[in-house]
Structures are given as structure tokens and as C-alpha cells.
Amino acid sequence: MSAPAGGAPAAPAGSAPVQEKAGRHREASLYHALNGAGAGNGRSLAQLREAALRTFETSELPVWRRSGFWTTSLSELDLDSLSVPDVEAGKVPGVVTRTLPERPRAGRIVQNAGTVVDLQLDPQLSARGVILCSLEDAFRDHPALVEPWYSKRLTLDRHKLEAANAAMWTGGAFLFVPAGVVVEDPFEIVYAIDGPGVAQYARTLVVGDERSEFRVHEYDLAEDFGASAEDGSPPQQALHAGAFELYLRDGARCRLAQMQDWGGGDVFDVSTRFVGVGRDAHCHWLPALLGGHLVRQHLELAVMEKGGDMAFRGLFFTEQNEHLDVFAVDLHETGPSGGDVHWRGAATGESRASFEGLIQIEPGAQQTHTYLQIHSMMLSPKARLDAIPSVLVSADDVSASHGGTVGELDESAIFYMQTRGLDRPAAVRVIVEGFFEPLIAELSDEPLEELIRAKVAEKLAAAGEDIEAYATSR
Amino acid sequence: MADLEIRDLHVRTEDREILMGVDLDISRGEIHALMGPNGSGKSTLANTLLGHPSYEITEGSITFKGEDITSSEPHERAKAGLFLAFQYPVSIPGVSVANFLRMAINAKREDPIQVKEFRTQLQHAIELLDVDRAFTSRHLNDGFSGGEKKRAEILQMAMLAPDVAILDETDSGLDIDALRTVAEGVQRLHDEQGLGALIITHYQRILHYVKPQFVHILMDGRIVLEGGVELVERLEREGYDQIRQEVGSAGELAV
């Protein structure tokens, strides 16, 4: 990867904290909300890219650590071996055509590596002022719509890969749904990596104007290029460093879903997503994190104005030697507001899944009611799954609580189903699918539901032996 | 030859021997009652017949329709036509009664059942058991009352149409209306489909609604008395203690 040399350490960006000393093994916990103004704050794109580049140049790869629980380290990532390749315009990677359901859609934008390769938008929606285009084009063609929102809440200097994204993103996706426009079919935003050696800096900005109603489905997909060999040959890696922001203005409603499956290759995914809910607006957000060699997601859903409400869902399934680190934030900046966070995850193989869920209620966010629950299921003796809920409340007239369960396969339920004629793998499948079903059914979108069910079933089938080993080990 | 033949069955769990030589023959079209006090081994027998992994058969055999199934997997026994209605049915969150039934039916078939055929069968079973249609779209046993769980068991039995069903204390914890529905359901499946049943119970009351031809009394891991329905009446009059006293010495001699 080429990057300009030299340069001073990054200047403070907006009100975001400055990291005084970048280091590979900073113990200071990074598990806190973005919490406040982002880097944008009136600065131009060029200024932001320049500031980000300085941070990129002077910082090292980040480490996230929860003492006694987990460490998410990128020391394995060989960033210098990766680059943003030239890809053929108009050529949609096979993994995209194979994976996305055949269905009516409002629009679709597909980015392969660093280039937008496909863009479709229902002309009737276009005529009503809906905009779907690359973020690069949006800066050129619709600056007045983009600039107030770009990096409004996302920072650029928390770590090297966040800075890399802010400095070097290309392509990108921009969706604007004008006031009062209601769209039933989803807008699909697709990021694909179709081989090793790729660095993808993905940047998405979505703005739902007042009283708009729409669905966004993001897909993060990679061709199954296979894990790195252990014979000392150069690693076969790829990187997705993503930054996503979505803002809902007064009374807007959005159902946001994300389906991530990076396949069997060594794909690293370090992404930050921020969803801001305005006055009386509502967002239902469900990321389905279904695979990736090392995935670190900072997911923050914030009620920014009175009357905002959110349903923050999520599911994950890790297998083999995957490492997943999810930090989900349920942030209430003002009240009255409502929140409801519900995650479910399962782990097989020797995978490692860590989930931290934070409820944060700011001073003055009175009359906030929120609940966070995380349920997890262990499917293999060598897998490890940790879930930590935390609550930071700075207002006194609120209700905030959390709950959760850690489970294993219920042998009595398996026997019960066996006596009905299901064999053991089928019974296990019923249990695990039933475990995720309450969340999947909430998508209320049949094609996406079916896709996620099929992905879960595929992973379960692949994990059959581990599950058997677990049963006999108990 | 009976459809289900149990010969000299000895079963133990990790810590103790529970069944000590049980012989029993059950065929299609026959209704048997197995009665006995708590701890006599009734549920052990039920679970063992379906192959529960916690029960170890140390001696004896189970033959079903001429095949030795002593060490078969539970699902193989089910496919062969055995069924167990559980004393404590397990909840399966996330799976509706109807979807579960379809999976179970398809597990027994080569080709999946047609939607229309399934609906017809389900409708018939619903009427037979007097359950609400909405019941079938609820998650199986999840949040069901005791009575609903037992009805769901009988509904599954009606749909899967086994040759021989073992009903493990299906009457426990049921109010009189639920008990009647469940018992009449069993009786009708017997009359209409030729179901063979082993009704395991602690009490006599279910036997007022479903009439057994054969009654077996299990005590301390052995069948100590066998007879017709008159045995139920005798048990009602005399209680288990008196029977135990009478057969106690005979039981010892039989070893």
C-alpha cells in the first residue's frame, strides 16, 4: 500500500479525544461510545482526508482488550501486502449474484474492492427525488445533501484502520430518501471482495429525510478464496475497513439489515457503524454477522432527539478459527426515548466470539426506557463465547436493565425430537434455528429471512462433527 | 408374535438397577395399562423403549415388528412406528407445532408431504382432539399449560400414526376436561387407526375413559401382576400396599 511519508501526529478532530500515544498494546479500554461530535464538523472532505492520513501514518494497528476475557489483535494482518486493485467496471462478482436473493428492489449499488461496479435505481423513485449513487459522485453532484452529514458523528482518529478508511475510501454509497417518501422494497448496498490481496475501504452514508420510510439491506460478501496456507508462503489475506453512517430526521422510519459473510478466506473486517435517530423517528437494525476470519464491529445506535425509538437486534454465528468482537452501543442522548436491544449468538469449532453491549444514557436523557438482552449458545467444546452487558446511566428518571442466557444444546430436547423421527443432526438444527428464529422472523422480509436461515443451516451442517464431539464430551 | 416384544429387560442408570427382568408383549389394536407406585420403574421402561441414552440395557431385548431394536437409535425406533408421549414434554422455542409436525412426518417419508395432504391430516387431528386451530401456529410447548402440552403430545401421535404408542403418565396434572379429551383421543386413534397403546399411569382415573384390555402392575422393577380391567378395580379397592404384601413373597420366589 502506498501512502505519503512523514507528517505530524493528527490534530484533534472536533471534540473527539486525541490519542496521545499510539501503541500496539494499549491497555486503555476502547469499549466506549463514540459519544459526541464526529470529525466532520464543518471541515471539507479534503481536510478530513488529510487529517486522517496523518493519523494513519503515525498510528499502529489497534488492539482491543477486555482484561480477563478477550483480546482482539490485528498483529496477524499484513497490511503492506494489501492494495486496492483496479477492477473491471460493470462486472458484478460471482459471490454477489450467487448470494443476493431474486426479488423486487428499490435500488442496488455494488462495490467490488474500491470500485462501484453496479448501480440500479427504480426510475420512479429517482423522479421523486430519491438518490442512490456512489459517495464520490454524491460529493460532486449533491454536496449540499452530503456535506452536513458526512462524518457528522464518525471519528477518524481512534485507530489506524479507521484513519485508513477516512483517508483512502473510494467509491462508497450514498442514499438519500426525501421527506415523506415511503418505499416498500429494500435498497441494497453491497460490498464484495472477490479475491485475496484486496484492501477495501468502504464508506456508506444514508440520510432519511423527515417522515420517509424505507429499508436498507447491506451485504458484505467475499469469494471463498481459502485460508492462508501454513507452509510459510505469503498470507492470503483481505481487509474490509468500513465506515457506515445513517441519519433519520424527524419522524423517519428505517429498517436496516446487514448480512455479512466473508467466506472461508482470511478476511479481516474492522468497521464502525453509527445510526442516529431523530425526533420521533424509529430504526429497526439487525446485523447478521455470519463469518469472517477476524471481525471487529463497533455498532452504535443513538437516539439523538426526543421521542426517538429503536429496536437494535443482532445475530452472529462463528465457526472454525474465526474471531468476532462486537461492541454494540445503545446510546440515549435525550429523552423521552426508547430502546430495545436483543442479540443472539452461537459459536462452533475453535471460534471465539465476544460481545459487549453498552447501554449509555446521557445527562438529561430523562424518561428513557431501554433493555438489553444477549443470549448465546455454545456448540463446540473448543469454542469460546463471552458476553458482557454494561450500563452507564447519567440521568435519574430512567429504566435501563439487561439480561441474558448462556446455553448449550439441550439433550432432553434432542431426545424428544428423536422420538419423533428426526435424527440427531436434524434435531440440533431445529434447536439452533429455533434459537435464532425470534430475531430472523422480525426482519419481516421473506427473501432476506430465507437467506439468513439458509446460511445458518449451511454453517450448522459444516459444524456437525464439532457438535457431536461436544455432546460426547459432556 | 406380538409387534412389540420385551424380553427379560434389565435396565440401569449410572447409580442403580431399575428394571430387573420385564417381559411384555404389545400389538397393534391392543390397549395395555401399566400401573405402579412411584419409583417402580414405569418412566424408565418408557424411556428405554425409545432408546434414551441415559438408560443402559444390561440384559434382555426389545423386538419391534420382528426386528431387534435393543440398541437402535431413538429416531430409528420412531420411524419403525414407536411413539412416546412424554410425561414432561420439552419446549422447542422458535418452531411452530405445525412446522414441527411437518418435519416429523417428512422424516418418515421419502418425499416431503404435499401441503394439501398435510392440511387435511392436520385438520382431522385438530377436530379429533378438540384443539384450537391457532394452537398449531404457536411454538411447540413453549409457554403451554400442562393440559396444552399433553394435547400437543396426542396431536403429534395422531399425525404420526404410530403402530404402538407409549403414554408416560399422560394423565398427570390434567384437569378432568383435559383428561377426557386426551383419553378419548387415544381411544379414537385405537378405534380408527388400530393404534396399540401402553398407557402408563399411577392412578386409575384415565382408565375410566379409555378401556384397557390388559393391565400390568409394575413394582420394584418387575411386573408382579397381570390381568384384565378387573385388576384396575381391585387396585382401586385395595391400593398398592396390599398388593405388594400379597405378591411380595411370590415376587421373591419368581427370581
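Buried area is the accessible area (1.4 Å probe) that two parts lose on being put together, summed over both. In this predicted model, chain A and chain B bury about 1700 Å² between them, and carbon and sulfur atoms give 73% of that area. The predictor assigns the complex an ipTM of 0.95 and a pTM of 0.85.

This is a predicted model, in which local features need pLDDT of at least 70 and side-chain atom pairs count only at pLDDT 80 or more, while totals for chains, interfaces and linings use all residues. Residues are numbered from 1 along each chain as its sequence is written, chains are lettered from A and ligands numbered from 1 in the order in which they are written, and side-chain values use heavy atoms, with hydrogens and water left out.

**Confidence**

- pLDDT is the predictor's confidence in each residue, from 0 to 100.
- Chain A has a mean pLDDT of 90, with 92% of its residues at 70 or more.
- Residues 1-29 of chain A stay under 50 in pLDDT, and the model has 54 contacts (heavy atoms within 4.5 Å) beyond four places in sequence for them.
- Chain B averages a pLDDT of 91, and 97% of its residues score at least 70.
- In chain B, pLDDT is below 50 over residues 250-255, a stretch with one contact in the model beyond near neighbours in sequence.
- Where pLDDT is low, the predicted coordinates should not be read in detail.

**Interface of chain A and chain B**

- The contact draws 15 residues from chain A and 29 residues from chain B.
- On the side of chain A, Phe415(A), Tyr416(A) and Arg420(A) lose the most area to chain B, together 44% of what that side buries.
- One salt bridge is counted between the two chains, where the term stands for a side-chain nitrogen of Lys or Arg within 4 Å of a carboxyl oxygen of Asp or Glu.
- This salt bridge joins the side chains of Arg420(A) and Glu153(B), at 2.6 Å from N to O.
- The elements giving two or more residues to the side of chain A that touches chain B are α7 (411-418) and α8 (424-442) of chain A.
- α7(A) gives the most to that side, with six residues.
- By class, the side of chain A that touches chain B has six nonpolar, five polar and four charged residues.
- Ala, Val, Leu, Ile, Met, Phe, Trp, Tyr, Cys and Pro count as nonpolar, Asp, Glu, Lys and Arg as charged, and the others, Gly among them, as polar.

**Helix α7 of chain A**

- Helices (H or I, at least four residues) and strands (E, at least two) are DSSP runs, numbered from the N terminus.
- Buried means under 20% relative accessible area, exposed over 50%, and partly exposed in between (1.4 Å probe, protein chains only).
- α7(A) is mostly covered, with six of its eight residues buried.
- The buried residues in α7(A) are Ala413(A), Ile414(A), Phe415(A), Tyr416(A), Met417(A) and Gln418(A).
- Their cover includes α8 of chain A together with α1 (42-49), α2 (74-80), β6 (82-85), α3 (97-107) and α5 (146-160) of chain B.

**Gln200(A)**

- Gln200(A) belongs to strand β8 (residues 199-208) of chain A and is buried, because its relative accessible area is 0%.
- A polar atom of the Gln200(A) side chain lies 3.2 Å from the backbone oxygen of Ala192(A).
- Leaving aside neighbours within four places in sequence, the contacts of Gln200(A) include Gln111(A), Asn112(A), Tyr191(A), His240(A) and Trp262(A).

**Backbone geometry**

- Most residues other than glycine have a negative phi, and most peptide bonds are trans.
- The peptide bond from Gly335(A) to Pro336(A) is cis, with omega near 0°, and Pro336(A) sits in the loop between β16 (323-332) and β17 (337-347) of chain A.
- Ser444(A) has a positive phi, near 40°, in the loop between α8 and α9 (446-462) of chain A; Ser444(A) counts as partly exposed because its relative accessibility is 43%.
- Asn141(B) has a positive phi of about 65° and lies in the loop between α4 (115-129) and α5 of chain B; Asn141(B) counts as buried, at 1% relative accessibility.

Conventions: Polar contact = N/O pair within 3.5 Å; in protein donor to acceptor, adjacent residues only side chain to side chain.
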